[in-house]
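Q: I have this one open in the viewer and would like to talk it through. Could we begin with the pocket?

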Amino acid sequence: MKIEDIKNKQIEELKSICQSNDVDFNTMNKLLQSERVKKLRKRNHYIQQTIDSEIEKIITNEDK
């Protein structure tokens with residue numbers, strides 16, 4: 001199964017669940033998107049901290 005197929009299937013399942021529970025699908029979708037963005041930013045922040053730490057180590061070792 002392709003990634004796109006899986007994504008579409010998950011969206012259809014979410015729509016179905018939202019309809020059965022009287023929840024607005026668009027609102028739920030926006031909330032999920034915001035969580036994805038939040039996770040990406042957090043991950044990118046961690047990666048940037050790691051890069052900065054490694055650069056600092058190299059600079060410190062060159063000064064010695």
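Q: Which residues line the largest pocket?
A: Bearing in mind that this is a predicted model, the lining of the largest pocket is made up of Lys7, Gln10, Ile11, Leu14, Asn29, Leu32 and Arg36.

Q: And which elements give two or more residues to that lining?
A: Those elements are α1, which covers 3–20, and α2, which covers 25–63.

Q: Which of them gives the largest share?
A: The largest share comes from α1, which contributes 4 residues to the lining of the largest pocket.

Q: How do the lining residues divide into nonpolar, polar and charged?
A: The lining of the largest pocket has 3 nonpolar residues, together with 2 polar and 2 charged ones.

Q: OK, and what volume does the largest pocket have?
A: The volume of the largest pocket comes to about 170 Å³.

Q: What does the C-alpha trace span along its principal axes?
A: Along those axes the C-alpha trace of the protein spans about 65 × 25 × 10 Å.

Q: Last topic, the surface: how much of the protein counts as buried?
A: Of its 64 residues, 5% count as buried, while the accessible surface of the protein is about 6200 Å², with 54% of that surface belonging to carbon and sulfur atoms.

Notes. Residues numbered from 1 in each chain as written. Predicted model: local features only at pLDDT ≥ 70, side-chain atom pairs only at ≥ 80, totals over all residues. Heavy atoms only, no water. 1 Å grid on protein atoms, 1.4 Å probe; cavity = no way out; pocket = protein on both sides within 12 Å on 5 of 7 lines; lining within 4 Å. Points joined across faces, edges and corners; volume = space filled by probe spheres on them. Nonpolar A, V, L, I, M, F, W, Y, C, P; charged D, E, K, R; others polar. Buried < 20%, exposed > 50% of the residue type's maximum accessible area, 1.4 Å probe, protein only. Areas by Shrake-Rupley, 256 points an atom, 1.4 Å probe, with all protein chains shown as cover.
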